[in-house]
Amino acid sequence: MSQPQITSKKVWLVTGSNRGIGFALVSLLSQRDDVIVFAGIRDPANAVELNQLVKENHNVHLVKLSSGDEREAEAVVEQIERVADGLDYVIANAGINNSLLHVNEMTRDAFDSHIGTNAWGTILLFQKVHRLLIKRPQPVFAAISSITGSNIGQKVVPAEYGGFAAYGMSKTVINWAMSRLATEHKTEGIITLSIHPGVVMTDMVKNGIKDGPQEIKDYMQSMSITPEQSAKDILSTIERATPDQSGGFYQWSGEQLPF
């Protein structure tokens with residue numbers, strides 16, 4: 001068995017890389033000569049744009065990684081070990097948002113699917129990449145969260161604009177988990193962050209609100225930023241992160257948010 005390459009380049013893993021914020025993150029990272037990027041997606045065969053990006057940039061590796069899939073996560077960790085030995089940065093971006101139901105209307109299926117994909121998928125990912133993170137001096141595990149996962153922040157979304165109940169609850173779990181992981185892994189030097197990416201009109205958001213009232217569509221559009229702007233600021237926030245910020249909840253531009 002060949003020995004892993006010990007590299008001085010910063011090694012990144014970004015999940016949910018096929019479109020939206022994830023694709024923008026990988027696109028920006030691919031332009032750097034000093035990084036190696038592992039782009040995780042559920043269906044590599046049909047990721048046309050991402051496959052093209054990989055062909056054009058030898059520092060990008062496409063890996064099959066579905067949120068919450070233990071075997072796929074283990075396989076990705078083994079692949080990263082073979083190529084680069086460790087991980088400096090992980091961005092847990094994969095997730096779903098396909099329910100606008102209020103708490104009183106929320107179904108068990110909606111609750112389970114959002115908690116399973118968004119929350120458990122992120123926690124499982126940390127568990128699997130942990131052994132790669134501790135090989136680096138100050139690694140960062142950042143989870144893409146949402147203002148709807150904040151007990152205070154969610155109150156800015158008027159009730160008539162939709163519930164986001166299952167989605168918001170799943171992001172609350174993420175925020176709590178990142179805070180707790182910061183405590184549990186402080187001595188290992190791992191920095192954990194929850195990041196609200198802003199209102200970004202990705203396909204996931206558009207699909208989530210497509211059956212909602214026109215008011216919410218107009219509201220979301222008026223507040224939106226581009227995936228590229230969100231990704232640029234997210235990368236800056238992650239790379240500037242210090243140990244005293246670990247466990248915190250931040251918006252894409254770096255300002256701390258209430259939780």
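Okay, quick definition before we start: when I say buried, I mean under 20% relative accessible area. This is a predicted model, by the way. With that cut-off, 53% of the protein's 259 residues count as buried.

For the overall layout, we've got eight helices and seven strands. If you take contacts with a separation of 6 or more, 74% of them are between residues 24 or more positions apart.

Now, the inside. Nonpolar side chains tend to be buried together in soluble globular proteins. Here, the largest nonpolar core has 32 residues, and L193 and I238 have the most contacts inside it. Quite a few elements give two or more residues to this core: the strands β1, β2, β4, β5 and β6, plus the helices α1, α2 and α8. The largest share comes from α1, with six residues.

So what does I238 touch, leaving out residues up to four places away in sequence? That would be W12, Y89, I91, V140, A142, L193 and I195.

There's also a second, separate core, with 28 residues, L65, A73, A119 and L133 among them.

Last thing, helix α5, residues 165–184. Those 20 residues reach 29 Å from first C-alpha to last, close to the 28 Å expected at 1.5 Å a residue. Its buried residues include A166, S170, I174, A177, M178 and L181.

How values were computed. Residues numbered from 1 in each chain as written. Predicted model: local features only at pLDDT ≥ 70, side-chain atom pairs only at ≥ 80, totals over all residues. Heavy atoms only, no water. Helix = DSSP H or I, 4+ residues; strand = E, 2+ residues; numbered from the N terminus. Buried < 20%, exposed > 50% of the residue type's maximum accessible area, 1.4 Å probe, protein only. Contact = heavy atoms within 4.5 Å. Core = buried A, V, L, I, M, F, W, Y, C linked by side-chain atoms within 4.5 Å. Expected span 1.5 Å × (residues − 1).
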